[in-house]
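My notes follow as numbered points, so please read them with the viewer open.

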Amino acid sequence: MKSITRNGLLLTIVFVLTFAPLIARKAEFAGSDAQAEQAIGSLDVNYTPWFKPLWKPPSGEVESFLFALQAALGSGFVFYFIGYSKGKHSASKRDQQ
Amino acid sequence: MLSGKLKKIGLLTAYVMAIYIFIPNNAYAMHIMEGFLPFNWAAFWWIAMIPFVIAGVRSIKKTVTLHPSLKMLLGMAGAFAFVLSALKIPSVTGSSSHPTGVGLGTILFGPTAMTVLGMIVLIFQALLLAHGGITTLGANTFSMGIVGPFVSYGIYKGCKKLGAPLWLSVFLSATLGDLMTYITTSFQLGLAFPAASGGVMASTLKFMGIFAFTQLPLAISEGILTVLVINILSAYSQKELGFLGVFTGKELPIKKQGVKV
């Protein structure tokens with residue numbers, strides 16, 4: 001199989017795994033630190049967290065902005081690297097001929 | 001080849017259906033939140049983490065001094081973990097979690113290097129996103145930067161020894177490493193909050209039912225993405241992968257790279 005077909009197939013599987021739950025299921029898909037607190041609360045009724053985050057994103061919007069920024073920075077570098085390697089690879093191939 | 005693919009897709013479908021039937025709504029899965037480990041446990045995991053961080057810094061220094069050209073690749077491994085742990089992905093259990101992305105770097109640079117990179121990602125998330133925490137940094141680094149990578153590394157080396165193809169070794173290594181990270185988190189919570197009846201094991205299982213099932217499809221996605229990146233790297237960065245011993249002679253596609261850069 002050509003590598004582009006193969007990689008395309010792999011990406012399709014990831015795509016399905018990621019989006020199928022959204023379509024197939026009615027749920028909130030909460031990341032739910034609140035629920036985690038509940039579960040701990042049910043195991044140890046008296047537990048109170050003894051430390052608060054030093055800084056919290058003031059709103060959901062700011063938080064999703066920061067998460068998006070994290071993803072953008074990361075993928076930016078990943079794809080820069082892939083492009084750089086590809087360029088270097090084809091340049092060295094051209095030099096050989 | 002194609003029938004193998006179909007079989008795999010069939011298996012996946014069966015798995016997804018099984019999850020829908022057996023798993024109730026409203027599970028959750030994430031790193032341990034700030035302040036949610038009792039002080040003693042938080043301190044314990046911090047101390048447990050430190051030797052691995054030191055070993056990691058040494059290992060990174062050694063790699064970079066030996067092969068300065070690998071710096072970019074190391075950055076890429078870190079960036080990969082950075083992206084993947086920013087993506088909270090919906091899972092079949094009806095809640096969301098995120099992959100860890102440390103499998104790739106483990107395969108390339110070894111497990112302790114990823115302890116350091118994983119810790120950096122966790123510090124970023126703890127300080128800027130209030131996700132995870134500084135008090136729980138030790139515990140979260142232990143699961144994501146130590147247990148996960150060491151499991152990945154063991155499986156990767158084991159698979160290669162058994163002669164498994166590169167893609168399979170990479171897939172299993174990244175997938176199971178991701179899964180083990182969250183199983184470790186369950187243990188950490190179970191140890192800190194033993195159930196009144198059944199103790200540590202009972203509450204670990206409770207947390208595990210929540211964490212591990214949500215994580216399964218994400219772990220599979222992470223495995224596949226890691227295979228993808230390794231595919232791309234083996235096409236364009238053979239020399240670097242050669243330095244790192246990712247290829248053992250026979251897998252190396254025979255294309256001479258005459259030019260020294």
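1. In which helix of chain B does F109(B) lie? F109(B) belongs to helix α4 (residues 102-109) of chain B, where helices (H or I, at least four residues) and strands (E, at least two) are DSSP runs numbered from the N terminus. Before going further, a word on conventions: this is a predicted model, in which local features need pLDDT of at least 70, side-chain atom pairs count only at pLDDT 80 or more, and totals for chains, interfaces and linings use all residues. Residues are numbered from 1 along each chain as its sequence is written, while chains are lettered from A and ligands numbered from 1 in the order in which they are written.

2. Is F109(B) buried or exposed? F109(B) counts as buried because it has 24 C-beta neighbours inside 10 Å. The cut-offs are 20 or more other C-beta atoms within 10 Å for buried, 12 or fewer for exposed, and partly exposed in between, with C-beta atoms placed from the backbone. Leaving out residues up to four places away in sequence, F109(B) touches T63(B), L74(B), A77(B), M114(B) and L244(B); a contact here means C-beta atoms, placed from the backbone, that lie within 7 Å. S59(B) is 50 residues from F109(B) in sequence, and their C-alpha atoms are 8.4 Å apart.

3. Do look at helix α5 (residues 111-129) of chain B too. Its 19 residues reach 26 Å from first C-alpha to last, close to the 27 Å expected at 1.5 Å a residue; the expected span is 1.5 Å times one less than the number of residues. Of the 19 residues in α5(B), 14 are buried, so the helix is mostly covered. A130(B) follows α5(B) and has a positive phi, near 50°.

4. For the chain as a whole, chain B has 9 helices and 2 strands, in the sequence order α-α-α-β-β-α-α-α-α-α-α. Of its 261 residues, 54% are buried. Among contacts in chain B between residues at least 6 apart in sequence, 74% join residues at least 24 apart.

5. Now to chain A. Its domain assignment gives domain 1 (1-51) and domain 2 (55-97), with bounds that come from an automatic or database domain assignment. Taken over C-alpha atoms, the centres of the two domains are 23 Å apart.

6. The contact between the chains takes 53 residues from chain A and 54 residues from chain B. On the chain A side, the elements giving two or more residues are α1 (3-24), α2 (33-43) and α3 (60-96). The largest share, 19 residues, comes from α3(A).

7. What does V14(A) touch, beyond its neighbours within four places in sequence? V14(A), in helix α1 of chain A, is in contact with S221(B), I224(B) and L225(B). V14(A) is partly exposed because 19 other C-beta atoms lie within 10 Å. V14(A) and N46(A) are 32 residues apart in sequence and 42 Å apart in space, C-alpha to C-alpha.

8. Finally, confidence. The predictor gives the complex an ipTM of 0.87 and a pTM of 0.84. Chain B averages a pLDDT of 85, and 83% of the residues score at least 70; pLDDT is the predictor's confidence in each residue, from 0 to 100. In chain B, pLDDT stays under 50 over residues 19-29 and also over residues 249-261. Where pLDDT is low, the predicted coordinates should not be read in detail.

Key. Two residues are in contact if their C-beta atoms, placed from the backbone, lie within 7 Å.
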